[in-house]
Structures are given as C-alpha cells and as structure tokens.
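Me: I would like to go through this model with you, beginning with the backbone and then moving to other topics. Shall we start?

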Amino acid sequence: MTAQPSPSQDSAPDTSRAATPESAVGPRLRAALDGLPAYVPGRARAATGRTFKLSSNENPYPPLPGVLETAVAAAGALNRYPDLASSALTAELAERLAVPADHLALGTGSVGVAQQLVQATAGPGDEVVYAWRSFEAYPIVVQISGARSVRVPLTADEEHDLPAMADAITDRTRLVFVCNPNNPTGAALRRAELLAFLDRVPSDVLVVLDEAYREFNRDPEVPDGVELYRDRPNVCVLRTFSKAYGLAGLRVGYAVAHPPVAAALRKTAVPFGVSQIAQDAAVASLRSEEALLERVAALVVERTRVTGALRAQGWTVPESQANFVWLRLGEATAEFAARCEERGVTVRPFPGEGARITVAEPEANDLVLEVAGAFLAAGSGPG
C-alpha cells in the first residue's frame with residue numbers, strides 16, 4: 001500500500017477570506033447597478049397640520065363608487081393566490097378597448113410593465129431611446145437591464161423632439177419610449193407628428209406609447225395610442241389605473257400590444273404580481289365610468305384655472321394634457337419647493353430644472369398659486 005501524501009499548503013482549504021469581517025468580499029453584484037439612479041417618490045404629507053400632497057400625481061378623490069366595497073370583499077381571500085391570468089380584468093379590458101384578449105398583458109402599474117418591456121427587448125450593448133426630461137423611471141429600468149440610455153432633449157416648448165429621436169435610432173436601438181402626455185411637462189404629441197415619427201422607426205424597434213395620463217387629455221389632435229397600435233406590430237401602449245382611476249396604492253397597469261410582445265410580457269411578469277384585490281378593484285373602477293368622467297372633468301377644470309392663473313402672474317406654463325402642471329424654475333427649483341412646503345403643500349422638484357405640481361383640491365391649488373405669485377413678486381423666479 002502506497003503512503004498517502006501529506007496535505008500541502010496548496011491543497012489546504014483557503015480560509016483567509018473569511019478570517020475577519022473586514023476581509024469578507026461578499027456576493028458579487030452586477031456592475032449595471034453601480035450608480036443606478038434612485039426613483040424619488042413624492043414627499044409625503046406632514047404628520048401634523050393641514051397639508052396637501054401635490055408631488056405624486058395622485059387622484060385627490062377617494063375610490064370610485066363600489067370600488068372600496070369590492071376591494072374589502074376580495075381581501076377576505078388573502079390566504080389564496082390571485083388569478084394568475086387576471087381573467088376577469090383582461091376580459092373587461094378586451095371588451096372595452098375592442099382588442100383580442102391575447103393582446104393584453106397586466107403588471108404592477110404601468111412602470112412595472114415598462115420594466116418588463118425593457119427586460120424583454122434590451123440587454124448589454126443595446127440602446128433605449130427616450131426624451132429627457134421624461135418619466136424618471138426610464139433610466140432606472142434601462143440601466144437595470146444592462147442596456148444604454150439614449151436621452152434626447154425636449155424642445156424649447158417642453159415637448160418631445162420626435163425628429164431628433166428618430167435620428168437617434170441606430171442598429172443597436174431596441175426600444176423607444178414616447179410618454180404622451182409627457183411626465184413631468186404635461187405636453188402632448190399630436191397625430192400628424194406622431195404618425196410621421198412612427199413611419200421613420202424601423203419595424204424591428206418597439207415603440208412604447210406611455211399613456212398613463214390619457215384620460216385627462218382634451219386635445220382632439222392627440223391620438224389614442226390603441227388606434228395607432230392596431231396596424232403597427234411594433235407599437236405597444238401602456239395604461240394604468242393609478243392616476244385617473246385612483247388606484248395608485250394597488251399597483252395595476254397594462255399593455256396593449258400584438259401577440260409576440262404581449263406574450264413576452266407575460267413571460268417576464270412576476271407570477272401573481274397583480275393581487276386579487278387590485279384585479280377586482282380595477283374591474284369595479286371600469287364599471288363606474290360615469291363617476292370617473294365627472295371626476296376627471298372636475299380636475300381638468302381645475303387644471304385650466306391653475307394654468308390660467310399662473311400665466312396671469314407671469315409664468316410660462318406648457319399646455320398640459322395631464323393632471324399636473326410644470327414650472328421651469330432652473331436653479332430656483334429647490335427654493336420654490338421649500339416655499340410651498342412652508343405653506344403646507346408638497347410639490348415634486350427636479351433640482352436645477354423645474355417643479356411638477358399635481359392638480360388637486362381647489363384649496364391646495366390656491367395655496368400653490370399664492371406661493372407662485374409671491375415668488376415672482378419677490379424676484380425669485382427663473383432667471
């Protein structure tokens with residue numbers, strides 16, 4: 001019998017990495033997460049005093065008639081998984097939008113579906129084109145996928161520069177986000193310019209029309225994205241129940257797309273991500289259309305009033321087709337937001353750029369107008 005060799009230092013287990021906490025390396029995480037911008041939610045209401053949250057574009061009204069009761073009833077089955085296919089909500093949407101059920105895919109708000117779209121189309125070495133400034137989640141979901149963001153500056157009128165966006169498309173472009181109306185400026189694209197843009201986009205590049213604020217549009221020249229998608233296989237439409245329908249806390253949105261894209265969304269979805277409470281509440285909300293239209297109309301009236309008052313004070317305010325208005329403040333942005341907060345109103349500042357102000361209760365809107373008027377009178381406005 002041959003002697004077994006003595007264990008050498010080379011063959012001994014290496015315990016040096018675990019010797020002290022200081023030397024521990026830890027899990028290796030993806031480099032794509034380095035420098036990832038954080039999504040900044042709107043500031044919450046203060047714990048005390050009468051305050052208004054105009055920073056998250058939430059609907060100021062309570063749930064639509066019958067919705068809360070439906071949600072409470074659904075909560076009684078919290079011990080069960082939700083319907084994976086969201087069958088009832090899918091059927092309701094298919095009938096309402098006149099689209100086949102297999103052209104629909106649901107997710108955790110339109111932002112959740114947007115992330116799935118990027119996951120399904122783009123990876124390292126690929127590019128995603130979008131306007132900037134636009135929805136702040138776009139650069140986050142693109143970077144998470146490992147793809148590269150191509151940001152195209154807005155025009156001087158705070159609108160998408162569609163010709164420049166078309167010029168930015170290369171053979172590496174996989175997806176283009178078009179936020180219509182745009183968040184945070186509220187500007188909306190009209191039919192002729194949008195069609196001209198779509199005609200320039202290669203057929204193998206997916207164009208996502210993000211219509212989270214569609215219900216607030218009053219410009220007849222702004223097209224319904226669902227009508228545009230019907231004969232364009234590379235067009236996908238995003239919608240949500242968070243804004244007009246007032247279900248922001250339940251996280252349910254959806255995409256309308258041709259079968260290959262819709263199927264890819266279902267593959268990339270987190271299983272059971274949309275709760276049964278959210279599904280049932282969304283169905284009930286769709287069936288309360290009369291009350292929805294009344295509330296949206298009231299907010300549009302307030303939007304018109306606020307826009308007119310701000311312009312009368314001397315502000316330049318883009319024509320918004322959403323439930324918010326935009327003030328380009330530049331370096332005065334943080335100061336303006338602080339002044340609003342002192343009066344009990346939180347707005348959404350984008351430092352160095354401007355502030356997005358949700359249209360809410362008349363009392364809250366009046367406070368903003370008071371702050372804005374005093375701000376300009378004191379010479380603190382944009383220089």
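Reply: Let us begin with E158, which is placed in the loop between β4 and α5. The model is a predicted one. Phi of E158 is near 65°, a positive value in a residue other than glycine.

Me: Is E158 buried or exposed?
Reply: E158 is buried, because its relative accessible area is 9% and the cut-off for burial is under 20%.

Me: What about N57, where is that one found?
Reply: N57 is found in the loop between β1 (52-53) and α1 (67-75). N57 is not a glycine, yet its phi is positive, about 55°. N57 is also buried, with a relative accessible area of 0%. As background, most residues other than glycine have a negative phi, and most peptide bonds are trans.

Me: On peptide bonds, which residues does the cis bond with omega of about 0° join?
Reply: That cis bond joins N180 and P181. The peptide bond from N183 to P184 is cis too, with omega near 25°. P181 lies in the loop between β5 and α6, and P184 is found in the loop between β5 and α6 as well.

Me: Then let us follow the chain into α6. Which of its residues are buried?
Reply: In helix α6, residues 191-200, the buried residues are L194, F197 and L198. They lie on the same side of α6, because they cover an arc of only 100° around the axis. On the other side of α6, A192 and D199 are exposed.

Me: Why would residues a few places apart point the same way?
Reply: An α-helix has 3.6 residues a turn, so residues three or four places apart point the same way.

Me: And what do the buried residues of α6 pack against?
Reply: They pack against α5 (162-167), β5 (173-179), β6 (206-210), α7 (225-229) and β7 (235-240).

Me: Take β6 from that list. How many of its residues are buried?
Reply: 5 of the 5 residues of β6 are buried, so β6 is largely enclosed by the rest of the structure. L206, V208 and D210 point one way from the strand, while V207 and L209 point the other way.

Me: In what sense does β6 pair with β5, and over how many bridges?
Reply: The pairing of β5 and β6 is parallel, over 5 bridges. F177 has V208 in β6 as its bridge partner.

Me: Turning to α2, what covers its buried residues?
Reply: The cover includes β2, α7, β7, β8 (253-256) and α9 (276-286). The buried residues of α2, which spans residues 87-97, are L89, T90, E92, L93, A94 and L97. After α2 comes A98, whose phi is positive, near 55°.

Me: Changing topic, how many cavities of 30 Å³ or more are there?
Reply: A search of the whole structure finds 1 cavity of 30 Å³ or more. The largest cavity holds about 30 Å³ of space. V306, V325, I357, T358, N365 and V368 line the largest cavity. The elements that give two or more residues to that lining are β12 (354-358) and α12 (362-377). The lining divides into 4 nonpolar, 2 polar and no charged residues.

Me: How much space lies in the second largest pocket?
Reply: About 450 Å³ of space lies in the second largest pocket. Of the 25 residues that line it, the closest to its centre are L106, G107, Q116, A269 and V270. β2 (104-107), α3 (109-121) and α8 (259-268) each give two or more residues to the lining. The lining residues divide into 12 nonpolar, 11 polar and 2 charged.

Me: One more from α3. What is V111 in contact with, leaving aside neighbours within four places in sequence?
Reply: V111, which lies in helix α3, is in contact with F135, A137 and R251 when those neighbours are left aside. V111 counts as partly exposed, at 26% relative accessibility.

Technical notes
Residues numbered from 1 in each chain as written. Predicted model: local features only at pLDDT ≥ 70, side-chain atom pairs only at ≥ 80, totals over all residues. Heavy atoms only, no water. 1 Å grid on protein atoms, 1.4 Å probe; cavity = no way out; pocket = protein on both sides within 12 Å on 5 of 7 lines; lining within 4 Å. Points joined across faces, edges and corners; volume = space filled by probe spheres on them. Helix = DSSP H or I, 4+ residues; strand = E, 2+ residues; numbered from the N terminus. Nonpolar A, V, L, I, M, F, W, Y, C, P; charged D, E, K, R; others polar. Buried < 20%, exposed > 50% of the residue type's maximum accessible area, 1.4 Å probe, protein only. Arc of directions from axis to C-beta. Contact = heavy atoms within 4.5 Å. Pairing = 2+ DSSP bridges.
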